[in-house]
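Biologist: I would like to learn how to read a protein model with care. Could we go through a few features together?

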Amino acid sequence: FRSTAIVAVEKSLGKKEFYAVTETTKPTEVQVEYFDLEGNFLEMHVLPLAFNEYGIKRLPLEALQQIKFTDYITRFIFDRSEGTEQFFFNESGRPREAKDFKDFQLTTRKDGKQVVVIETKVALLDVWITGRKEHVHADRNFLVLLPGKHEIVIESGKKLVKDDIILKFR
């Protein structure tokens, strides 16, 4: 549960406006980072957030961008200590087709929970995990993953093997 979220409003194809929405009007800040679609860092800004009485603040991101780019990932980070972040991506042109991602590991933690481990050298867009035959619930799904190692806890009614898992991305 987080008290602040980012909402993207699609104004036209490839053009979004972002709003911070909160249940508190306490001033805070958000770190905004930009990456290309390969996951390479482009630029970063820290925005102070002073909310109106309804807990809404439009984020003037287009005025802050030092580099004007069209295909990119935006990461919003609210509280580094809690790891609270949200991702959005912007692609011009036709969206990429979904592909299978087979280069992942399925491990079991000491507490018995199973974990999908993904290591990637490039950004993966719209990552989702599902089961081939069994219902699979992931603690996070429909993700943007930047280059690096990522762990996603999954649950099912039975112990799964790697072939039971379908992992797709764009």
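The dialogue below takes up confidence, aromatic pairs and backbone angles.

Modeller: This is a predicted model, in which local features need pLDDT of at least 70 and side-chain atom pairs count only at pLDDT 80 or more, while totals for chains, interfaces and linings use all residues. Residues are numbered from 1 along each chain as its sequence is written, and side-chain values use heavy atoms, with hydrogens and water left out.

Biologist: What does the protein average in pLDDT?

Modeller: pLDDT is the predictor's confidence in each residue, from 0 to 100, and where it is low, the predicted coordinates should not be read in detail. Here the average is 84, and 89% of the residues score at least 70.

Biologist: How many aromatic pairs does a search of the whole structure find?

Modeller: Rings of Phe, Tyr and Trp (its six-membered ring) pair if their centres lie within 6.5 Å, and planes under 30 degrees apart count as stacked, over 60 as edge-to-face and the rest as tilted. The search finds seven such pairs. In one of them, the ring centres of Phe18 and Phe76 are 5.2 Å apart with planes at 55°, so this pair is tilted. Phe18 and Phe76 are both buried (under 20% relative accessible area, with exposed over 50% and partly exposed in between, for a 1.4 Å probe and protein chains only), and together with Phe88 they form one aromatic cluster.

Biologist: Which residue has a positive phi of about 55°?

Modeller: Most residues other than glycine have a negative phi. Phe142 has the positive value, although it is not a glycine, and Phe142 counts as exposed because its relative accessibility is 61%.
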